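Please read it with the coordinates open beside it.

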Amino acid sequence: MRATERAEMDRDLVEQAQGGDREAFGILARTRGDTLFGIARRILRDVGLAEDAVQQALVIAWRELPRLRDPDRFDAWLQRLLVHACYAEARRKRAWSANVRVLPIDGPTAPDELGWLVDRDEVERGFRRLPPDQRAILVLHHYLGLGLTEIGEVLDIPPGTARSRLHYAHRAMRALLEADARPAAAAGGRLS
Amino acid sequence: MNRTTDAERILDVFLAPEADRLPDRVLEAALAEIARTPQRRALRVPWRFTGMPVLSRATAVAAVVVAAVAVGGALYLIGPGPGPGRPTQAPTPSPSPSVSADLLDVSTWTAFTSSRYGFSAKYPPTFEAVPSLQSWRMPDTPGNMFDGFSSAGAVRWLDGVSALLPVGTTQADWYDEYRRDIVEDENPWEPETCFTPREDWESTTVDGVAADLRVACGAMEAFVFVEDRVYVFAAFGYDSVQPPTDEPGVSDEVRGLFELWLTTITLDPAAAVDPAPIPSPTST
């Protein structure tokens, strides 16, 4: 199916769902569910919290859908709702960053490229120390591959702000990795 | 090795797409809850995508505040807060020579002509035009029926619509229906306390035509009847899903900009394009 045909079909589904068609919304939810889960799982670093966030975002999306002005922006809108649901889940679990059950990392099927760069646990620890908003912008950029304009749409910020927030998130992540690597470096770790 | 590149490369790999799969039970649980969840009514102020192509948000806020002060002058600074029953103050844009902001000179605003509703207006450089996508109808379920102007500043939204009055409908009838639509709907748009009685409304003019001015909760509306057409112009100081309070009243910024905006409006009912009437079953 061509992209334009898919976009038209999606628009029709969104408009039907805006008119109260739950079946149409169900199709939209099924086709977006995996991506939403991927986003939430990466932001929250917890499968259970991510499931809760996705469920919450879908219910809110259904409830608020008539208020979406432009059906073509459904995905950005849905992702915004999800990011906010992730923030809510993060707040709900106050001890989340320090006392969260470890996300099972299945690992990519290919040889772990990350292992050539840095210890995966170090990255996990560093990423968990980032506040949720910094995790979100990194996930939108590195997982979804969104540019600054699209990130701005999802987070409701101008592209320039997206740029600076992304910069600070990278900087924070780098600092955390470096801090974690210092003892390892002293012991012959991979980051130097 | 470049450390920035390192961090980004690490994140590229760390956050790389994998075979993420949302468990069916989660999706089914969501859909089960959705089956019990009613949809909310469309909000007139639509979900907004940020678009501030000219000035920053901070500049926008400052500019709107300056406009409000210029328009309202000392009235806003020393007078009582706005509210129902307040005497109408004819908006008189008179830029202070000490203020250089382009905002105060409406000639620097961008012209907009509605292709649907039979009016023209101007909007400040810090706003973005958001044309309607379909014609207004009551009850106003879709949120994309308004020719609007969106801002990330203190005043979030200005808009205008118009519609033909149904044959035989008086202004009083129309107001009654509008009120029912706003506050008595199954999913009301405003709390009932936000819709003040008609006798508390103010008077103003739009393009030389008498208009009624209603102060709602964080928003204002002006109603203009020209021939067989009703125009509704509005300003909203919020973009959340509900009014911020259930008490009528607007900030000085909302009132100031709204009154200034109304001075830019030109009515042209002959240019309005109305949707085709729905054929009656007996006409086919």
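1. Within chain B of this predicted model, confidence is lowest in helix H4 (residues 74-78) of chain B, where the mean pLDDT is 33, and highest in strand S10 (residues 266-267) of chain B, where the mean is 97. Averaged over chain B the pLDDT is 75, with 66% of the residues scoring at least 70. Throughout residues 47-100 of chain B the pLDDT stays under 50, although the model has 99 contacts beyond four places in sequence for that stretch. Where pLDDT is low, the predicted coordinates should not be read in detail.

2. For chain A the mean pLDDT is 83, and 80% of the residues of chain A reach 70 or more. Helix by helix, confidence in chain A is highest in H2(A), with a mean of 96, and lowest in H5(A), with a mean of 59. Two stretches of chain A call for the caution already raised: the pLDDT stays under 50 over residues 104-111 of chain A, for which the model has 7 contacts beyond four places in sequence, and it is below 50 over residues 188-192 of chain A, a stretch with 11 contacts beyond near neighbours in sequence. For the model as a whole, the scores are ipTM 0.80 and pTM 0.57.

3. The next point is the interface. In the model, 55 residues of chain A are in contact with 52 residues of chain B, and the two chains bury about 5,200 Å² between them, of which 59% lies on carbon and sulfur atoms. Between chain A and chain B there are 4 salt bridges, and one salt bridge joins the side chains of B:Arg25 and A:Glu51 at 2.9 Å, N to O. The rule for polar contacts finds 12 residue pairs across the interface of chain A and chain B, with both residues at pLDDT 80 or more.

4. Which helices of chain A each supply at least two residues of the side that touches chain B? They are helix H1 (3-18), helix H2 (22-44), helix H3 (47-64), helix H4 (74-92), helix H5 (113-117), helix H6 (120-129), helix H7 (132-142) and helix H9 (159-186) of chain A. The largest share of that side, 11 residues, comes from H2(A). By residue class, the side of chain A that touches chain B divides into 25 nonpolar, 10 polar and 20 charged residues.

5. Over all chains the structure holds 18 salt bridges. Among them is the pair of A:Asp75 and A:Arg32, whose side chains meet at 2.7 Å, N to O. This pair links distant parts of the chain, with A:Asp75 in helix H4 of chain A and A:Arg32 in helix H2 of chain A, 43 residues apart.

6. In chain B, 3 strands form an open sheet in the order S1-S2-S10, and the pairing is antiparallel. The edge strands are strand S1 (110-113) and S10 of chain B, each of which pairs on one side only. S1(B) and S2(B) pair over 4 bridges, with B:Lys122 in S2(B) as the bridge partner of B:Ala111, whereas 2 bridges join strand S2 (residues 119-123) of chain B to S10(B), where B:Leu267 is the bridge partner of B:Phe119. The hairpin of S1(B) and S2(B) has 5 residues between the strands, and there B:Gly118 takes a positive phi near 75 degrees.

7. Further along chain B, S6(B) and S7(B) pair in the antiparallel sense over 5 bridges, with B:Val209 in S7(B) as the bridge partner of B:Val206. S7(B) is also joined by 5 bridges to strand S8 (residues 219-226) of chain B, again antiparallel, and B:Phe223 in S8(B) is the bridge partner of B:Asp212. In the hairpin of S7(B) and S8(B), with 3 residues between the strands, B:Gly218 takes a positive phi near 80 degrees.

8. Finally, some backbone angles deserve a check. Most residues other than glycine have a negative phi, and most peptide bonds are trans. B:Asp207, although not a glycine, has a positive phi of about 55 degrees, and B:Asp207 lies in the loop between strand S6 (202-206) and strand S7 (209-215) of chain B, a hairpin with 2 residues between the strands. A:Asp156 is not a glycine either and has a positive phi of about 60 degrees; A:Asp156 is found in the loop between helix H8 (148-155) and H9 of chain A.

Key
Residues are numbered from 1 along each chain as its sequence is written. Chains are lettered from A and ligands numbered from 1 in the order in which they are written. Side-chain values use heavy atoms; hydrogens and water are left out. pLDDT is the predictor's confidence in each residue, from 0 to 100. Contact means heavy atoms within 4.5 Å. Buried area is the accessible area (1.4 Å probe) that two parts lose on being put together, summed over both. A polar contact is a pair of N or O atoms within 3.5 Å; within protein, one must be able to donate a hydrogen and the other to accept it, and residues adjacent in sequence count only if both atoms are side-chain atoms. Ala, Val, Leu, Ile, Met, Phe, Trp, Tyr, Cys and Pro count as nonpolar, Asp, Glu, Lys and Arg as charged, and the others, Gly among them, as polar. Two strands pair if DSSP finds at least two bridges between them.
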